[in-house]
Amino acid sequence: MSTTSADTKPTALLHCDNVLKQSWIENLNRLNVNLAVWPDIDEEEYKSIIMFICWNPPSGIFKQLTNLRAVQLLGAGVDSVIDNPDIPSTVPLLRVADASMGRRMATWVVWAVINTSRKMDVYLDGQHSKEWLKQTEGFNNRDNDTISVGIMGLGTMGRETADALTALGFLVSSWTRSPRRHRNVENFSGRSELKKFVQQCEYLVCLLPLTPETEGIIDRHLLSWLPCGSTVINGARGGHMVEDDILNWLDDPETEGYLVTDVTCPEPLPVSSKLWDHPKVRLTPHVAAFTPVPQAAAQMVENLNCILRQEEIPSERIVDRQKGY
Ligand code: NDP
Ligand code: OXD
């Protein structure tokens, strides 16, 4: 049986198999959702469900959800579910769009740029070895407006990141699928402009969705276009990088490359991966922008209300299955 009262049929069903399950339940209940929590739902209750909230839906469940009007994902990226054949193609797929994740991502990227450009790891090593490494930056900190940062993807993550970097004076540019105008950020778009974009990036930030078009995009060709001494910062998905190509680029004394990544393929990163202890890699364990449960739950309830009132759901929350994001 669901957690709803006997005379109120559940309208939303939650399936969550990770540690945040209880938090989702509490936050959705706080917002007065008539919520059932899988597997505690009976045959009749399946019929009243109009929104299924999930990440890895159990197979076979969709046959029972005969009145389903939306599948609401628990996160921003949709790559793990977009090809799931169980999800009916006629039912809209909704993702968490921003819900303050953009600012969290922006903070992580700003850290990655500053940590690298200001050589903070060298200072940390110096602290550990009790050395006063005052000459590390040659007594000449570079001004931010001499440092170019290019962002691949200018969606809910990319825009906030562009704004945060612009506010600090960095020279910010972007690369998108279709031409995008965002404040004063120079934009490049499409494959035809990728090389021109990459060639002017000292810091290349990947905030793309993982789709067939973007999988493996950070490969030896792209890396060869980067200026000497560049840093790749990946906050999106490990599948964007060809790991062997990255390692060759990092090991090439002529490229002087550096990698900061929050994501790997697979995750967790196997202990055998050379990325773990590579001296030119800085790794965080997919923590750049956690889904904030209270804000995301509020967004889900707004979506549910839009469906009930036959109002439009903001387009950036609706996954375009053709485009794959
Ligand atoms: P959005 O869908 O809002 O934006 C995607 C952007 O990527 C758009 O600007 C889009 O271009 C661009 N893009 C997509 N395909 C291509 C392509 N083939 N060529 C060029 N540009 C392309 O996504 P979000 O900003 O919300 O999220 C991006 C990704 O970040 C997620 O898919 C997820 O994988 C990752 N993520 C990682 C987190 C973490 O903690 N590490 C947390 C949250 C998200 P256009 O504007 O033309 O459509
Ligand atoms: C997401 C993520 O896509 O956390 O939400 O990566």
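**Figure 1. Aromatic ring pairs in the predicted model.** In this predicted model, the count of aromatic pairs comes to 3. One of them joins phenylalanine 52 and phenylalanine 62, whose ring centres are 5.6 Å apart and whose planes stand at 70°, so the pair is edge-to-face; the reasoning rests on the cut-off by which planes over 60 degrees apart are given that name. The pair links distant parts of the chain, since phenylalanine 52 belongs to strand E3 (residues 51-54) while phenylalanine 62 sits in the loop between E3 and strand E4 (70-73), with 10 residues separating the two.

**Figure 2. Polar contacts of ligand 1.** A nitrogen atom of ligand 1 lies 2.9 Å from a backbone N or O atom of arginine 177, and a nitrogen atom of the ligand is likewise 2.9 Å from an N or O atom in the side chain of aspartate 262. An oxygen atom of ligand 1 is found 3.2 Å from a polar side-chain atom of arginine 237. Taken alone, ligand 1 exposes 940 Å², of which the protein buries 94%.

**Figure 3. Ligand 2 and the residues that surround it.** The shell around ligand 2 consists of Gly75, Ala76, Gly77, Arg237, His286, Ala289 and Thr291, which by class are 2 nonpolar, 4 polar and 1 charged. On the backbone side, a polar atom of glycine 77 is 2.6 Å from an oxygen atom of ligand 2. On its own, ligand 2 has 210 Å² of accessible area, and the protein covers 81% of it.

Figure 4. The elements that give two or more residues to the lining are helix H3 (101-117), helix H4 (120-128) and strand E12 (281-283). By class, the lining comprises 6 nonpolar, 10 polar and 10 charged residues.

Figure 5. Rolling a probe the size of a water molecule over the atoms shows where empty space is left. The structure holds 1 cavity of 30 Å³ or more, and the volume of the largest cavity is about 30 Å³. His15, Cys16, Asp17, Asn18, Trp55, Asn56 and Leu74 form the lining of the largest cavity, and these residues divide into 3 nonpolar, 3 polar and 1 charged.

Figure 6. The peptide bond that runs from tryptophan 38 to proline 39 is cis, with omega near 10°, and proline 39 is placed in the loop between strand E2 (35-37) and helix H2 (43-46). A cis peptide bond also runs from cysteine 265 to proline 266, here with omega near 0°; proline 266 is found in the loop between strand E11 (258-261) and E12. Asparagine 32, although not a glycine, has a positive phi of about 60°, and asparagine 32 lies in the loop between helix H1 (21-30) and E2.

Technical notes:
Residues are numbered from 1 along each chain as its sequence is written. Chains are lettered from A and ligands numbered from 1 in the order in which they are written. This is a predicted model: local features need pLDDT of at least 70, side-chain atom pairs count only at pLDDT 80 or more; totals for chains, interfaces and linings use all residues. Side-chain values use heavy atoms; hydrogens and water are left out. Helices (H or I, at least four residues) and strands (E, at least two) are DSSP runs, numbered from the N terminus. Ala, Val, Leu, Ile, Met, Phe, Trp, Tyr, Cys and Pro count as nonpolar, Asp, Glu, Lys and Arg as charged, and the others, Gly among them, as polar. A residue is near a molecule or strand if one of its heavy atoms lies within 4 Å of it. A polar contact is a pair of N or O atoms within 3.5 Å; within protein, one must be able to donate a hydrogen and the other to accept it, and residues adjacent in sequence count only if both atoms are side-chain atoms. Accessible areas come from the Shrake-Rupley method with a 1.4 Å probe; for residues, only the protein chains shown count as cover. Rings of Phe, Tyr and Trp (its six-membered ring) pair if their centres lie within 6.5 Å; planes under 30 degrees apart count as stacked, over 60 as edge-to-face and the rest as tilted. On a 1 Å grid over the protein atoms alone, a cavity is a set of points where a 1.4 Å probe fits but cannot get out, and a pocket is an open set with protein on both sides within 12 Å along at least five of seven lines; lining residues have an atom within 4 Å of a point. Grid points are joined across faces, edges and corners, and a volume is the space filled by probe spheres set on the points.
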